[in-house]
Amino acid sequence: MKIKKIAVLTSGGDSPGMNTALRAVVRTCSYNNIQCAGVYRGFQGLINDEIKTLNTRSVRGIINRGGTMLYSARSEEFKSKDGRKKAYENVKKHNIDAIVVIGGDGSFTGSLIFEKEFKIPIIGIPGTIDNDLFGTSHTLGYDTALNTVMEAIDKIRDTAISHDRLFFVEVMGRDAGHIALNSGIAIGAQEILIPELKIGIDELVISLKKSKKAGKSSSIVVVAEGDDTGKNVFELSKRVEEKFPDYEIKVSVLGHMQRGGSPTCFDRVLGTRMGVTAVETLINGQSSKMIGFKEGKIVLTPLTAAIKGNSKINPELIRVAEIMNV
Ligand code: F6P
């Protein structure tokens with residue numbers, strides 16, 4: 001089937017670079033004389049018929065903007081068959097031949113069900129800061145989030161040093177420790193707590209005592225949101241304080257600021273390459289694939305594989321972090 005019209009939407013938690021990828025999708029459509037429709041507010045917008053034609057001018061001035069011009073949502077209604085049926089009626093109404101979904105794990109899971117039910121070709125672009133998808137070394141927005149986290153913790157370090165304090169800094173990563181591990185190395189954390197590696201309170205306290213003995217007067221522990229060493233980072237800090245009262249402990253939760261901001265050069269180039277390949281892949285008659293990035297190249301992975309295995313933590317990074325704690 002010759003593709004005449006492609007719809008594009010952003011779904012789930014937003015990430016810097018979504019706009020960049022959207023711009024690339026729209027312009028690649030235009031380059032290939034394909035119509036492009038923007039769906040606002042993710043799959044919920046597909047259900048509610050929030051669909052507008054996009055042309056090259058509609059996406060001007062957004063390459064450097066964080067967030068998503070199309071808005072994003074997590075749609076409960078799309079989880080039901082009735083919701084998806086409504087969405088498909090709008091697909092037919094607008095003569096949409098294929099869809100590019102920019103989102104993460106949950107969005108791709110919904111995409112696969114929708115594709116199977118209504119035979120509508122879908123290609124995924126991994127837009128999430130968590131880097132938790134298989135088939136790509138970098139998800140779109142991850143690099144920007146890492147730099148945001150690094151800059152924020154550098155600032156926390158300034159005040160930690162002035163006051164001889166120990167800081168627990170919680171970073172995002174519901175299921176994965178990529179942000180914590182990489183930013184932790186970049187800011188010289190004393191310890192990095194991630195869901196993939198169970199350190200435990202006792203070992204953490206031993207490490208902190210050792211560093212204090214070695215002359216360190218302040219420290220940073222980076223904690224991934226999904227780590228379960230404590231019930232949460234506040235409870236964790238209390239438990240450490242009980243076992244190790246030598247430090248005044250403070251907690252800082254970086255939160256949603258990690259998802260905002262202008263995308264880095266890396267994410268802008270990545271988003272552009274992914275957007276171009278997404279449209280070209282549909283033109284070539286393929287579907288059900290996620291566009292990934294590996295060893296400098298753009299690669300395709302079946303969507304089913306992308307969501308099944310979380311991208312694994314690189315053990316070399318854990319080793320490097322350990323050596324730095326000498
Ligand atoms: O974008 C992914 C993520 O940042 C997770 O790490 C986090 O748990 C989640 O989004 C929180 O998003 P929200 O508050 O939008 O549900």
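Q: Why is the crossing of helices H1 and H9 called right-handed?
A: The crossing of H1 and H9 is right-handed. The axes cross at roughly 40° and come within 7 Å. Axes here are lines fitted to C-alpha atoms over the stretch in contact, with angles from 0 to 180 degrees between N-to-C directions.

This is a predicted model, in which local features need pLDDT of at least 70, side-chain atom pairs count only at pLDDT 80 or more, and totals for chains, interfaces and linings use all residues. Residues are numbered from 1 along each chain as its sequence is written, and side-chain values use heavy atoms, without hydrogens and water.

Q: Which residues make the contact between H1 and H9?
A: Contact means heavy atoms within 4.5 Å. On H1, the residues include Ala 21, Ala 24 and Val 25. On H9, they include Gly 271, Gly 275 and Val 279. Helices are DSSP runs (H or I, at least four residues), strands likewise (E, at least two), both numbered from the N terminus.

Q: What makes Tyr 88 and Phe 118 a stacked pair?
A: Rings of Phe, Tyr and Trp (its six-membered ring) pair if their centres lie within 6.5 Å; planes under 30 degrees apart are stacked, over 60 edge-to-face, and the rest tilted. Tyr 88 and Phe 118 sit 4.5 Å apart, centre to centre, with 10° between the planes. Tyr 88 is in helix H3 and Phe 118 in helix H4, 30 residues apart. Ring pairs also join these two with Phe 43, Phe 78 and Phe 114 in a cluster.

Q: Are Tyr 88 and Phe 118 buried or exposed?
A: Buried means under 20% relative accessible area, exposed over 50%, and partly exposed in between (1.4 Å probe, protein chains only). Phe 118 has 17%, so the residue is buried. Tyr 88 has 22%, so the label is partly exposed.

Q: How do you know that the charged end of Arg 41 sits over the ring of Tyr 71?
A: The rule asks for NZ of Lys or CZ of Arg within 6 Å of the ring centre and within 35 degrees of the ring normal. For Arg 41 the distance is 4.4 Å. Lys 294 also sits over a ring, that of Phe 134, at 5.5 Å from its centre.

Q: Why do Asp 14 and Arg 259 count as a salt bridge?
A: A salt bridge needs a side-chain nitrogen of Lys or Arg within 4 Å of a carboxyl oxygen of Asp or Glu. Here N to O is 2.8 Å, so the pair qualifies. The rule gives 12 salt bridges.

Q: What makes Asp 49 and Lys 93 a salt bridge?
A: Their closest N and O atoms are 2.4 Å apart. Lys 93 is in helix H3 and Asp 49 in a loop, so the bridge joins parts 44 residues apart. Asp 49 is partly exposed at 25%; Lys 93 is exposed at 56%.

Q: How far apart are Lys 85 and Glu 89 in helix H3?
A: They are 4 residues apart, about one turn of the helix. Their side chains meet in a salt bridge at 3.8 Å, N to O. Lys 85 is partly exposed at 47%, and Glu 89 is partly exposed at 41%.

Technical notes:
Left-handed = near helix turned anticlockwise from the far one by under 90°.
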